[in-house]
Structures are given as C-alpha cells and as structure tokens.
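Here is a short briefing to read alongside the model.

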Amino acid sequence: MKLDEKKFTKDFVSEVKATYAIDVKDSSPLEQLMALGNLIKRYDSSNWKNTSKKYRQKDDKQVYYFSIEFLPGRLLKSNLLNLGILDTVRAGLSELGLDFEKICRSEPDPGLGNGGLGRLAACYMDSMASLGMAGNGNGIRYRYGLFKQVFMNGYQVELPDDWLRNGNVWEIRRENRACVVRFGGHVWLQPQADGHLRPVYDHTDDVLAVPYDVGIVGYHNGVTNTMRLWSAELPPSADQTFYSQAQRDRIDQITEVLYPDDSNAAGRSLRLRQEYFFSSAGVQSIVRHYLLDHSTLKEFPRKVAIHINDTHPTLVIPELMRILLDECDCPWEKAWQITTATMSYTNHTIMQEALETWPIDMFKGLLPRIYQIVQEIDRRYRQEKLPIFGENTVDKTAPLGNGQVRMAYLAVIGSHSVNGVAPLHTELLKKDVLMDLYRIYPERFNNKTNGIADRRWLQLANDPLSKLIDSKIGKDWRSNPKQIQTLSAFENDDKFLQDLEKVKIENKKNLSKYVKDELGITIGTDAIYDVQIKRLHAYKRQLLHVFEIIREYLDIKDHPQKKVIPRVHIFGAKAAPSYHYAKSVIKLINALADLVNSDKDIGNKIKVVFIPNYGVSLGELIIPAADISEQISTASKEASGTSNMKLMTNGALSLATMDGANIDIVRAAGKENEYTFGLTADDVYGYYRRGDYHSSDFANKNPELQRILNTLIDGTIPGISTEGHEIYDSLIRYNDEYFVLADYAEYVQKQKQISQDFTNRKQWEQRSLANIAASGTFSADYAVARYGEDIWQVPYDRILK
Ligand code: 26Q
C-alpha cells in the first residue's frame with residue numbers, strides 16, 4: 001500500500017488522541033502499540049474486505065487449515081513489512097521521537113502452540129496469503145498460552161502466560177458468526193415420515209463457540225486472509241436458564257489453556273473437548289458459508305479443502321459426516337464420498353506411542369452422536385476391507401480397536417491424502433508407523449517437506465543480512481526465495497565475505513546485549529555461537545550437547561595452557577511440566593552453566609547460556625547470531641525439524657544427524673558445508689531388529705566418555721545428585737533408549753573439527769554463504785504451493801521463480 005510519512009504521523013497522532021485522550025508524548029509504548037495496531041488494521045481493512053469478497057465472487061476453492069496450535073509471533077512488524085510500509089512507519093515514529101523497537105517489544109507474543117507444529121501452521125498462513133491462495137486458519141483462542149518458563153535454582157518453574165491481559169489489537173470478535181457445539185447427553189435416532197432417521201438429543205451440554213478473526217496480511221499483494229480462533233462461552237439462554245458455577249467453569253475451561261506436548265495429557269477429557277470444540281465450530285461455519293452461494297452439496301469438495309495438522313482435528317471427519325447426514329439429509333455413501341474428497345491429513349510424528357488414541361468409554365460419553373458415526377465408519381471399513389486384506393490387518397488398522405478410538409487411523413481412512421513432513425519421515429510412515437494402512441491405501445501417501453516463512457525468519461529477524469543480500473543481488477529474492485541462490489556468485493568476493501562476517505558480529509552483539517541484560521552473563525562476539533533451540537525431549541538429545549560441554553570443560557581443566565577457540569553454548573528449551581526426565585536435563589544444563597561460567601580457569605573459553613522462555617520472539621533474536629545449528633536427534637525420530645531451516649537461512653552451519661529434513665539440508669547445501677555424524681535411521685532400525693544395542697559397551701571402550709558419565713554422579717557438577725543419577729541410570733542401567741553413547745565419539749570429533757575450521761575465516765564465511773544461498777528451497781512458499789497443487793487443488797496468484 002501507499003503511505004507517506006506525513007500522512008502516517010498525522011493519522012497516528014490523532015489515533016493516540018482518539019483512543020486514549022492524551023498526546024503522543026504522554027503515551028506509553030503499550031498505548032502506542034495499541035494505537036498503531038488499530039491504525040494498521042484500518043489501513044488494511046479494505047484489503048481484508050476485498051479479499052473475502054473476491055474469493056466469494058470468483059467462487060474460488062477455499063482451504064481451511066485446522067490446527068489446535070498456531071504460533072504466529074508478534075504481528076506488528078510482519079504486518080508492516082507485508083503491507084510495504086515498514087520503513088515509512090519506522091521513520092514516522094522516529095520523527096515523533098518514539099522508539100519503534102520498544103513499541104514492538106510491548107506486543108505480547110501469542111504462545112498458542114508448543115513448538116514446530118504450531119509454528120509451521122503460522123508459517124503456512126503467511127505463505128498462503130503471500131501466494132494469494134484462499135487459505136483460512138482455524139484454531140483455538142486460548143485464554144492462556146503455553147506456560148512462561150522461569151528458572152529457580154536451576155529448575156524450570158511454570159508461570160501462566162496471560163497474553164490477553166491488555167486485549168489483542170489484531171483480532172475482531174464476530175459474535176454474529178457464533179455456533180453452538182453440543183457435548184454429552186443422550187441421542188437416539190427417530191424415524192421421520194420420509195423414512196429418514198433423525199437424531200434427537202436431550203440433556204446435552206451446549207457451548208457457544210465465538211470466533212475471533214485475525215487478518216493474515218500477504219506480502220505486497222493486497223491480500224489479507226483470515227485466521228479464525230474460537231473461544232468457548234455460555235450459550236445465550238432464551239428461557240432464562242440458570243447456569244450453575246460448575247457449568248460455567250466447565251465451559252470456560254474449554255479454551256482456557258493450551259495443553260503442553262505431553263503424552264500424559266492424552267486421555268484427559270478436556271483435551272478431547274477442545275478437539276471437538278474447534279473442529280465442530282470450524283466445520284459448521286464452513287458449511288454455513290458454502291451454502292450461502294451453493295444450493296447443493298455436490299460441489300463441496302471442489303470448493304472446499306479441509307486440512308488437518310496432525311490428528312488433533314481429526315473429528316472434522318465425523319463432524320462433516322454428521323452435518324451432511326443429519327442436517328442435509330445426505331445418504332451415507334454420498335456423504336462419505338464428499339468427506340474423503342474434502343479432507344487431507346499431515347502426520348508430524350514417528351513415535352508409535354505418540355499416536356493419539358481415546359478410550360471409547362470417554363469418547364462415547366462426551367460425543368455420543370459422533371461416536372455412532374465413527375462406529376459406522378469402522379463397520380463399513382471392516383466390511384469393505386476384510387475380504388481383501390484379511391482379519392488380522394483390518395483389526396490392526398480399523399478406527400476402533402483395543403477399546404480405543406485411533407485417531408491417526410481414522411484420519412487416514414477419512415482423507416484422500418496423507419503426508420509426512422520430510423522424505424525420510426514419509427518413508428518411515430510407509431514402512432513402519434502406518435505400514436498396514438499404506439498397503440491398503442498406497443495412493444494416498446505422499447511427502448511434503450516442511451518450509452519456513454523467510455519473511456519472518458530472514459527479512460524481519462535479520463535486517464542487516466537482508467540488506468546485504470539486496471545490495472548484491474537486488475530485491476527479487478524477497479518475493480522469490482530461490483533467487484537467493486544467485487548470491488553464490490559472490491563466493492570469492494572477499495569484501496562480501498567480510499561483510500557477511502560483520503553482519504554476524506552485529507547480530508551477536510545484539511544477542512550478547514540481551515544475555516548480559518537479562519542473565520548477567522558476558523559473552524564475546526569472537527566466540528563460536530553454538531545453538532540448540534527446540535523443545536526439550538530425550539530424542540532431541542540435548543544431552544549429547546551437554547556431554548561435549550563437559551568434555552571441553554575437563555579438557556581445559558586438564559590443560560589450562562592449551563589454546564582454545566572460545567565457544568558460547570546457547571540453549572533454549574521448554575520441558576512439558578510433567579516430563580520428569582526433560583526437567584532433569586534442564587537442571588543439569590543450568591548446573592553445568594553455573595559451574596563453567598564461574599570457573600576462573602575457564603574464563604571466556606566456554607560460556608553456557610540457557611535462555612529461559614524460548615519462543616518465536618527469542619528465536620528471532622538468537623537465530624541470526626548462530627554459527628552452529630545443533631540438529632542432533634536420534635536418526636529416525638525427528639519428523640522434519642524446522643529450526644534447522646531457520647538457522648541455515650541465517651548462515652549457520654548444521655551439526656547434524658541424518659534425520660528429518662537435515663538430510664535434505666545437507667543435500668541442498670552440500671555435505672562439505674555441514675557437519676554430519678552418527679547412526680543412520682537404518683542403523684537404528686538394525687539395532688531394534690537385532691536387539692543388540694548395549695550402551696555400556698560404548699562407555700567401557702571409551703575412557704573419556706566413561707569419565708564424562710562419572711561427572712554426573714561424582715559431585716563434579718554441584719547440585720545435581722538426584723538428576724545426575726537419574727540421567728546416568730537412563731544411559732547405563734536402562735540402555736540409553738536414544739543412542740547417545742553410540743553417537744558420542746563421532747559427535748565430539750565433529751565438534752573438534754568445527755573449532756579448527758572456524759579459524760579459517762574466509763572458508764567459514766564461504767560455507768555460511770553456501771547455506772544461505774541454498775536455503776531458498778526451504779521457503780514455506782514452495783511447500784504451500786506444492787500442497788496447493790498436489791493435495792488441495794487450489795489455485796494461487798503468484799508465480800514463483
Ligand atoms: C498431544 C496430546 C496431548 C496434548 C498435546 C499433544 C501434542 C501437542 C503438540 C502433541 C504433539 C505436539 C507437537 C508436535 C510437534 O511440534 N511436532 C513437530 O512438528 C514439526 C512440524 O512438522 C516437525 O518439524 C518436528 O519434527 C515435529 O517434532
């Protein structure tokens with residue numbers, strides 16, 4: 001959009017006055033943020049209105065991306081960037097004597113997700129809008145986001161994330177679009193005069209789902225799509241029904257908090273309530289919208305694609321069936337055909353035990369009509385497949401089995417497409433996790449490698465690098481991320497390589513200031529910034545990284561004179577509150593940090609920085625400063641990973657196992673530009689098959705490793721007597737489920753290599769450049785375009801080069 005600085009400052013001044021009845025000079029950063037948000041929303045309102053209107057007039061096919069999590073990050077800068085008015089607004093505010101960065105920081109970061117899956121949903125929203133694709137988000141407006149993490153005495157403590165305290169300036173409450181979602185009660189089928197069976201409900205618990213819409217602004221294209229988040233409220237009571245406090249609480253609870261990624265939460269009926277709540281409200285609103293312009297349902301799958309981000313929204317399948325059967329009088333066969341043609345499903349996990357299931361008893365009580373429909377899906381599935389595949393296979397794959405509703409199986413059976421998120425992951429789905437269903441529906445399985453919104457992760461997070469890129473190859477890469485490849489023409493341009501180094505140092509300064517201010521730790525910009533930022537999970541093996549720090553520590557203590565290349569080990573990770581082991585690893589890292597950071601012999605040679613409360617905004621600060629990207633999961637366990645892509649595009653070199661999308665990153669950037677090590681997925685599966693992994697063998701034959709293991713239990717690291725023993729036991733007594741000891745030696749060897757290589761500044765910058773230049777293929781724009789072409793069959797405007 002067009003906006004000159006003068007008009008902007010005038011509008012802004014009057015907005016502050018109109019909203020708060022004060023002058024700008026008397027306003028707080030929060031008030032400035034609110035006024036700015038309102039103004040931007042107003043500037044964008046025609047785009048938003050016209051986008052919806054255009055989709056409706058052209059009768060474009062709509063994609064609805066259902067996700068129980070969205071992690072959009074702060075929206076101020078990204079909306080300004082995408083509208084093309086970032087520089088104008090920045091200049092205007094500085095003209096008024098205001099601190100733009102401070103205003104940005106006063107925006108809460110909506111933590112409506114746990115990690116990769118939620119952030120992926122947000123990246124895809126950004127890319128759909130930027131491609132001009134008719135994409136809609138559908139999720140939950142949690143009153144409290146994922147807990148805020150603080151450390152007390154090195155332990156994780158969880159505090160509530162009251163992100164809505166001051167309201168959300170980007171949302172619009174649309175009470176007139178609310179729908180009722182029914183839970184519990186009794187249902188029976190009553191024959192009608194025309195022979196139809198119609199369900200009759202009594203004593204249901206009804207909940208009002210109220211949508212809050214957030215505009216998702218496309219990049220420089222005048223498109224604004226909608227992300228719709230549902231909030232649970234009391235239904236209006238026509239008959240003056242009195243709600244007891246218990247009923248009120250039950251309703252309020254539904255959208256009160258986001259569940260942490262934690263298998264203990266599975267089986268909690270509130271989680272199931274959340275899943276049905278947003279699935280039902282979303283599908284109801286889709287059908288209602290569709291029927292505004294269409295008189296029959298025949299066209300539904302040609303006009304609507306519903307995508308489910310993991311199994312959490314799987315109930316959209318029986319819910320669409322319910323609406324078609326019960327409210328539109330469709331016969332079963334036709335309803336099923338429409339449903340399967342509409343639905344598609346992405347799997348994000350490889351671990352069998354993490355596949356979502358619900359006890360039938362709970363499911364039936366909470367969702368009686370939906371359960372009847374799932375039973376019928378199950379019955380027909382068995383009937384159809386039994387003669388072809390036999391009882392054993394059908395029993396293993398049916399939606400109902402072992403007293404459970406098996407959500408992943410229901411999702412595969414009710415969709416026309418099932419995808420994994422990296423090539424290895426998709427192969428493992430076919431070979432292992434969903435093997436039997438792959439035999440039954442081979443044509444449904446496909447891969448869609450994850451991607452990231454480089455607008456946020458490069459353009460916004462790393463302005464200095466973006467400007468440097470502009471100065472070399474122009475700005476085309478900003479709309480066509482693969483064009484960044486042309487940057488490799490400068491691999492022998494010494495001046496450019498030095499500039500690249502300067503940018504990295506500038507970003508390190510930024511981060512080091514934060515670390516100093518917030519944690520009181522001094523870190524130099526000459527050190528290698530070795531970064532591992534992701535949820536804390538045993539399979540992600542933060543522990544392997546810890547072992548390297550202990551090794552370096554002991555090495556310096558043994559050889560105080562030895563010259564070392566300084567390192568800063570940077571961690572960011574939340575542990576699910578009930579994940580005991582993960583919390584022990586947090587305590588271990590913090591204890592080690594205390595030991596190392598305060599040891600005079602160590603000085604600046606090693607620093608360990610565990611930045612609390614890692615999330616999108618901290619990611620934007622940390623990632624541009626990274627030299628090394630730790631992607632060290634046990635091969636086969638990380639479905640894709642996406643921080644690997646964010647770090648790559650910011651010039652970090654990966655230290656990686658051949659897992660998830662690391663494999664694709666290594667292929668794209670060249671093996672010589674990364675550090676790969678460790679068991680492959682085949683090796684890991686070989687151990688499983690033979691059952692011959694013995695972790696203690698690795699400890700016994702490696703005295704250095706033995707010594708490191710002992711530091712967990714011999715008091716070398718103060719304050720971890722309990723945690724140290726637990727972790728030690730998990731490795732030796734319980735045979736090291738994630739092969740940490742098996743991968744130790746090679747990992748360490750690569751770490752040593754990194755220290756050596758880092759001193760060759762030119763070559764390092766060349767390899768950093770190779771990563772940046774190859775990162776364009778991991779832009780979510782291409783990922784979403786592939787979803788659009790292969791799965792959703794929806795058109796989009798932008799031609800990608
Ligand atoms: C389950 C049950 C009860 C409560 C919560 C959950 C739950 C919540 C979140 C289960 C899983 C998640 C999130 C999973 C996730 O983020 N998976 C990651 O998805 C990324 C995007 O595809 C991949 O890159 C990562 O490899 C994968 O771990």
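Helices (H or I, at least four residues) and strands (E, at least two) are DSSP runs, numbered from the N terminus. By that convention, asparagine 50 sits in helix H2 (residues 29-58). This is a predicted model, in which local features need pLDDT of at least 70 and side-chain atom pairs count only at pLDDT 80 or more, while totals for chains, interfaces and linings use all residues. Residues are numbered from 1 along each chain as its sequence is written, and side-chain values use heavy atoms, with hydrogens and water left out.

**The chain as a whole**

- The chain has 31 helices and 23 strands.
- With a radius of gyration of 27 Å, close to the 28 Å that the globule rule gives for 801 residues, the chain is as compact as a globular protein of that length. The radius is taken over C-alpha atoms, and the rule is 2.2 Å times the number of residues to the power 0.38.
- Along the principal axes, the C-alpha atoms of the chain fill a box of roughly 95 × 70 × 55 Å.
- Of the 801 residues in the chain, 60% are buried. Here buried means under 20% relative accessible area, exposed means over 50%, and partly exposed lies in between (1.4 Å probe, protein chains only).
- Among the contacts in the chain with a separation of 6 or more, 76% are made by residues 24 or more positions apart. A contact means heavy atoms within 4.5 Å.

**Surface and charge**

**Helix H27 and its cover**

- Helix H27 (residues 703-711) has Leu705, Ile708, Leu709 and Thr711 as its buried residues.
- Seen down the axis of H27, these buried residues fall within an arc of 155 degrees, so they line one face of the helix. The arc is that of the directions from the helix axis to the C-beta atoms.
- An α-helix has 3.6 residues a turn, so residues three or four places apart point the same way.
- The cover over the buried residues of H27 includes helices H20 (542-558), H26 (695-700), H28 (721-731) and H29 (740-758).

**Two asparagines with positive phi**

- Most residues other than glycine have a negative phi.
- Asparagine 153 has a positive phi, near 55 degrees, and lies in the loop between strand S3 (145-152) and strand S4 (155-161). Its relative accessibility of 63% makes asparagine 153 exposed.
- Asparagine 402 also has a positive phi, of about 50 degrees, and is placed in the loop between strand S14 (400-401) and strand S15 (404-406). Asparagine 402 is exposed, at 72% relative accessible area.

**Residues to look up in the viewer**

- Leucine 83 belongs to helix H3 (residues 76-83) and is buried, at 4% relative accessibility. Its C-alpha atom is 9.4 Å from that of valine 223, 140 residues away along the chain. Beyond its neighbours within four places in sequence, leucine 83 contacts Met1, Ile40, Asp44, Asn47, Val217 and His220.
- Asparagine 50 is partly exposed, at 38% relative accessibility. Asparagine 50 and glycine 222 are 172 residues apart in sequence, with 8.9 Å between their C-alpha atoms.
- Phenylalanine 490 lies in the loop between helix H18 (463-473) and helix H19 (494-519). From C-alpha to C-alpha, phenylalanine 490 is 9.0 Å from glutamine 766, which is 276 residues away in sequence. Not counting residues up to four places away, phenylalanine 490 touches Lys472, Ile473, Phe496, Leu497 and Leu769.
- Tyrosine 371 is in helix H13 (residues 368-397) and is buried, with a relative accessible area of 8%. Twelve residues along the chain separate tyrosine 371 from glutamine 383, and their C-alpha atoms are 18 Å apart.
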